[in-house]
Amino acid sequence: MQDERRYFGTDGIRGVANQDPMTTDVAMRVGRAMAYLFKKDNERRHRVIIGKDTRRSSYMIEFAMAAGICSAGVDTLLVGPLPTPGIAFVTRDMRADAGVVISASHNPFQDNGIKFFDPQGFKLPDDVELRIEQIMLACEAEKNPVTAGDVGRAWRIDDAIGRYIVFLKKSFPANRTLEGVKLVVDCANGAGYKVAPSVFEELGAELVVIGNRPDGRNINDQCGALYPGKLGEKVREVGADAGIALDGDADRLIVVDEKGEEVDGDHIIAALGKHMLAEGRLKKNTVVATIMSNLGLDVALREVGGNVVRSAVGDRYVIEMMRDGGYNFGGEKSGHLIHLDEHTTGDGIMSALQVLACMLKLGKPMSELAKSMHDFPQILENVHVKEKRPFDEVPEIDKAIRSAQLELGEKGRVVVRYSGTELLARVMVEGENPEIIRRMSQDIIGAITTTLA
């Protein structure tokens with residue numbers, strides 16, 4: 001289904017701002033098509049929430065989206081800069097028909113994107129995104145215009161941040177506070193720059209905040225979840241108990257321990273998964289991860305009677321597997337963590353609260369929680385390609401992948417896939433012997449470079 005879509009990738013529409021497909025024209029058309037699709041009947045007013053991150057281009061796309069939605073006879077509620085999971089929450093909380101996020105997440109400021117939430121706060125499945133594209137390309141909404149009296153209205157919602165802060169604080173144990181905990185929080189100059197400090201401060205933490213001065217151009221710029229080095233330095237400098245790094249739209253989390261060392265998503269999943277399992281809160285004793293999570297996660301959960309199942313890459317696919325399988329916790333190595341009992345999507349701030357609650361409950365420093373799993377040696381390389389041909393249709397690549405898989409057997413994994421948003425092939429090989437997996441990785445990369453680069 002995904003290959004049939006022209007605009008939507010693995011996480012909505014994304015590209016360089018003011019270039020196809022991230023133009024105001026496309027934004028208006030996709031807004032009109034989405035509103036047309038979600039407008040179930042004409043017996044009531046329909047409403048769509050629009051939120052954004054701090055990129056300069058988010059303003060022009062916001063207004064174009066609002067114009068398209070209103071032109072389809074649907075009202076538009078603008079909440080301004082707010083984390084992606086905050087928009088999912090507000091969409092559900094206000095009983096809106098859909099939510100729109102204008103953000104390119106962890107990408108640099110010149111990029112932007114559009115993604116949607118359904119009325120329950122879940123990202124749209126592939127078939128619904130395809131239907132939106134079909135409406136756009138067939139100009140269905142334009143062929144069925146509303147009259148002037150039925151055009152939608154647009155207005156701003158002033159209390160969205162406050163609603164979301166209350167929601168986040170309720171996810172933290174009611175019998176605990178963060179009194180006595182010193183944190184450094186890096187907001188990536190992104191959508192969480194107001195919400196995150198407020199949540200941690202209101203719960204009692206002693207706070208040092210960095211990356212909280214967005215100027216429209218500095219989102220994710222050597223800060224946040226993709227660049228935790230500066231956060232680690234600040235943690236060591238001020239003697240903090242932990243560092244919290246968000247990305248541009250605050251839906252992912254990377255933690256730094258009290259020594260300034262990075263704790264990635266896999267280690268956080270292992271720590272929380274084992275803790276939830278011990279407390280009887282992990283449904284089916286199972287964590288959902290993606291094919292990119294380290295094999296050490298499987299070993300760590302198996303040692304305590306747990307299990308790991310794997311989805312395709314992308315938090316949307318993690319959530320789909322969780323909902324289909326009746327699981328309540330999962331995530332990605334990149335830091336997207338989903339607590340389905342609490343929220344419908346990955347939430348960096350909520351995940352940080354869960355990690356801190358676990359740390360306080362167990363009475364262990366963050367560095368000890370990070371030891372909940374041990375990584376298998378893993379190599380992950382990106383290779384630029386000119387086209388995305390199926391790997392099994394390229395004999396040289398198919399042979400290199402099959403040879404590596406056969407040699408590793410059950411003591412390792414090979415994952416070769418294309419990026420959903422860029423002309424990149426991602427090659428991941430893991431196993432017990434670093435030299436062997438390095439050789440295998442180079443063999444596969446060589447095959448890709450020779451045939452597709």
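**Close-up A. Packing of helices α9 and α10.** In this predicted model, α9 and helix α10 (residues 295-303) pack at an angle of about 10°, and their axes lie 10 Å apart. The angle makes α9 roughly parallel to α10 (under 35 degrees is roughly parallel, over 145 roughly antiparallel, 65 to 115 roughly perpendicular, and the rest oblique). Asp266, Ile269, Ala270, Gly273 and Lys274 of α9 make the contact with Leu297, Ala300 and Leu301 of α10 (contact means heavy atoms within 4.5 Å). Five nonpolar, one polar and two charged residues form this contact. Axes are lines fitted to C-alpha atoms, for helices over the stretch in contact, with angles from 0 to 180 degrees between N-to-C directions. Helices (H or I, at least four residues) are DSSP runs numbered from the N terminus.

Residues are numbered from 1 along each chain as its sequence is written. Local features need pLDDT of at least 70 and side-chain atom pairs count only at pLDDT 80 or more, while totals for chains, interfaces and linings use all residues, and side-chain values use heavy atoms, with hydrogens and water left out.

**Close-up B. The largest cavity.** The structure holds two cavities of 30 Å³ or more (a cavity is a set of points on a 1 Å grid over the protein atoms alone where a 1.4 Å probe fits but cannot get out; lining residues have an atom within 4 Å of a point). The largest has a volume of about 50 Å³ (the space filled by probe spheres set on the points). Its lining consists of Val263, His267, Ile268, Ala271, Leu272, Val355, Met366, Leu369 and Ala370. α9 gives the most to this lining, with four residues, and α13 (366-369) also supplies at least two. Eight lining residues are nonpolar, one is polar and none is charged.

**Close-up C. The second largest cavity.** This cavity has a volume of about 40 Å³. Asp11, Gly12, Lys115, Phe116, Lys123, Leu124, Glu129 and Arg316 line the second largest cavity. Five of these residues are charged, two nonpolar and one polar (Asp, Glu, Lys and Arg count as charged; Ala, Val, Leu, Ile, Met, Phe, Trp, Tyr, Cys and Pro as nonpolar; the others, Gly among them, as polar).

**Close-up D. The second largest pocket.** About 400 Å³ of space lies in this pocket (an open set of points with protein on both sides within 12 Å along at least five of seven lines). Among its 19 lining residues, Pro173, Glu279, Arg281, Gln354 and Ala357 are the closest to the centre. α12 (348-362) and α9 (265-278) each supply at least two residues of the lining, and α12 gives the most, with four. The lining has six nonpolar, six polar and seven charged residues.
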